[in-house]
Amino acid sequence: MTEESTLEARGLKKSYSGFEAVKGVDFKVFGGECFGFLGPNGAGKTTTMKMIYGAVIPTDGELAVAGLDVYHHEREIKRRIGVVPQENNLDDELKVEENLLIYGRYYDLPSKLVLRRAEELLDFMQLSEKAEATVEQLSGGMKRRLLIARALLNDPEIVVLDEPTTGLDPQARHLVWDRLRELTDEGKTLILTTHYMEEAARLCDRLVIMEGGLIIAEGTPGALVDEHVSPQVLEFRTDHRSLEELVPILEAASDAVERTGEESILAYTDDADALLERVRGSGTEIENTLYRQAGLEDVFLRLTGRRLVE
Amino acid sequence: MWQRNITIFRKYWKTILFPNFVEPLLYLAALGLGLGAFIQQGGINGQPYVQFVAPGLLASNAMFAASFESTFNTFVKLKIDKIYDAIITTPVNAEDVVGGEYLWAGTRAALYGTAFLAMIVLLGIVFRQPLVTSWWALLLPVMLLAIGIMFSVMGTLFTSLIERIDLYAYYFTLVVTPLFLLSGVFFPVDDFPAPVPQVAWFTPLYHAVNVCRELATGPSVGVLVDVAWILVFTGALALIPVQIMRRRLIG
């Protein structure tokens, strides 16, 4: 039995007077999962998110959120989703708790309920102490947490997060990740965009890789890595001339090679030890060798020849 | 939307109310009493000058209040604080936002206007020169709301079209100020040679001033024409900024 999808897009497109931001994407999101859109800036992720939450009207294609089509049921959809946007659009003229209270009113929720939820959410996002503070007094990380709290006021079944941890320090980022995981544990569906490989790998059950307005790969983080790259990566750094010598050796002995700079190169393999021996055996001078597991960043590199974060 | 605005208003009302209040009072004192002293005994069409000017200032007060709210304040919300972007991700959409803002600007105009009206009545009693002589004046707060909404629609229309805040200089210099000076606030325009009165008939403040003046001192049937003009004008324009704002907020 196939599961009912919570969100489905078919041939979704968006053009802005000549510029095609989204060139036709298809995807399905199922209830209770965390679904990610991974890709560099300008890939079309934010535009796609905006089409989901109604800030942008698609040029073409079908898009159904919670079974409702975006062209005709935008208000109903908005009632059931929560949005954490990329930019910080908190109401500076209101205090922290007031931001939540007023926002709750937009959903036509009874004031007592909003008050209770606001308190619970401030607690959930560890902002209770700051309830009476002004928005200006909050740090970047706190503002993001407030945005997330705000997005949850109407107890949405689907939460859309556009680059939720961009610009946050590692500690803030981990706190947000923990909270987001709790949300999926509760059964909410999360849709997020990011250009951080680690975030995608950690949080997402399934993801798509987007580039230039198109989806170029799809799957679970593990499956994507298995499918597109060898599991182990060796990075060699050395002077330009030695690197040139190294290239043919690597190309012969590894599954794939990617040049990442004048003085650095990546080699993909499933037997790093063997490869390392070959390289050492060749006698070429190497300044630095780095070993790591292959990740989504490598998948992206493989598929597009570019890095996720330039 | 309206509730959001009034929550914020409650924080700042003293600083906001004060200048908006004092200014027309100054005009009233300086022109009404000052200039009025120079105008002959007969006043204007039998009305003492002070009594003539006061309702004019009432109407223009509403115009300024609504105009400022729907221009600068709205622009800041739109482009600088980007509040509306956050709001339209909720079931409140662009049409609701604009409608709410109309109502709010109208409310603000009505609030200031009513406070000013109370002042006028009081002054009239204190100085034994009644400025408001009719019970019809009780309808003024409602009319001020309508007048406020009318000017809010105009201001929002301008706001929805501009990209930079300094362009408001054009709106205030070329629209608001001329209206203020030439709509019968300080002197009647009906006796001017054609086409002046005819042109004035097509402008909003002219009718707002007439309504205020008539209701303050006992209306004639003609006031219905002015009221109708205000309602029709507002209704006709109201949806245009809604459409433009919607397009601005949603790609």
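Biologist: How is the handedness of a helix pair read: is the crossing of α4(B) and α5(B) left-handed or right-handed?

Modeller: A crossing is called left-handed if the near helix is turned anticlockwise from the far one by less than a right angle, and right-handed if it is turned clockwise. The crossing of α4(B) and α5(B) is right-handed. Please note that this is a predicted model, in which local features need pLDDT of at least 70 and side-chain atom pairs count only at pLDDT 80 or more, while totals for chains, interfaces and linings use all residues. Residues are numbered from 1 along each chain as its sequence is written, and chains are lettered from A and ligands numbered from 1 in the order in which they are written.

Biologist: At what angle do α4 and α5 of chain B pack, and how far apart are their axes?

Modeller: Two packed helices are described by the angle between their axes and the distance between the axes. Each axis is a line fitted to C-alpha atoms, for helices over the stretch in contact, and angles run from 0 to 180 degrees between N-to-C directions. Helix α4 (residues 94-126) and helix α5 (residues 140-161) of chain B pack at about 135°, with axes 7 Å apart. This makes α4(B) oblique to α5(B); angles under 35 degrees count as roughly parallel, over 145 as roughly antiparallel, 65 to 115 as roughly perpendicular and the rest as oblique. The helix names refer to DSSP runs (H or I, at least four residues; strands are E, at least two), numbered from the N terminus.

Biologist: Which residues make the contact of α4(B) with α5(B)?

Modeller: Two residues are in contact if their C-beta atoms, placed from the backbone, lie within 7 Å. Among those of α4(B) are V98(B), Y102(B), A105(B) and L117(B), and those of α5(B) include L144(B), I147(B), F151(B) and V153(B). By class, the contact of α4(B) with α5(B) has 14 nonpolar, 7 polar and 2 charged residues. Here Ala, Val, Leu, Ile, Met, Phe, Trp, Tyr, Cys and Pro count as nonpolar, Asp, Glu, Lys and Arg as charged, and the others, Gly among them, as polar.

Biologist: At what angle does α4(B) pack with α9 of chain B?

Modeller: The angle between α4(B) and helix α9 (residues 223-249) of chain B is about 130°, with the axes 9 Å apart. That makes α4(B) oblique to α9(B), and their crossing is right-handed. The contact is made by A94(B), E95(B), V98(B) and Y102(B) of α4(B), together with residues of α9(B) including P241(B), V242(B) and M245(B). In this contact of α4(B) with α9(B) there are 8 nonpolar, no polar and 2 charged residues.

Biologist: What is the order of the open sheet of 4 strands in chain A?

Modeller: Two strands pair if DSSP finds at least two bridges between them. The open sheet of 4 strands in chain A has the order β2-β1-β4-β5, with antiparallel pairing. β2 (19-30) and β5 (68-69) of chain A stand at the edges with a single partner strand each, so one side of each has no neighbour in the sheet. Within the sheet, β1 (residues 5-16) and β4 (residues 60-65) of chain A are antiparallel over 5 bridges, and R10(A) stands opposite E62(A) in β4(A).

Biologist: Is strand β13 of chain A buried or exposed?

Modeller: A residue is buried if 20 or more other C-beta atoms lie within 10 Å of its own, exposed if 12 or fewer, and partly exposed in between, with C-beta atoms placed from the backbone. In strand β13 (residues 264-269) of chain A, 5 of the 6 residues are buried, so the strand is largely enclosed by the rest of the structure. Strand β11 (residues 232-237) of chain A pairs with β13(A) in the antiparallel sense over 6 bridges; Q232(A) has T269(A) as its bridge partner in β13(A). Strand β12 (residues 256-261) of chain A is also antiparallel to β13(A), with 5 bridges, and a hairpin joins β12(A) to β13(A) through 2 residues.

Biologist: Where does A66(A), with its positive phi, lie?

Modeller: Most residues other than glycine have a negative phi, and most peptide bonds are trans. Phi of A66(A) is near 55°; A66(A) lies in the loop between β4 and β5 of chain A and is partly exposed, with 18 other C-beta atoms within 10 Å. D108(A) has a positive phi of about 60° and is exposed, with 12 other C-beta atoms within 10 Å. In chain B, a cis peptide bond joins A194(B) and P195(B), with omega about 5°.
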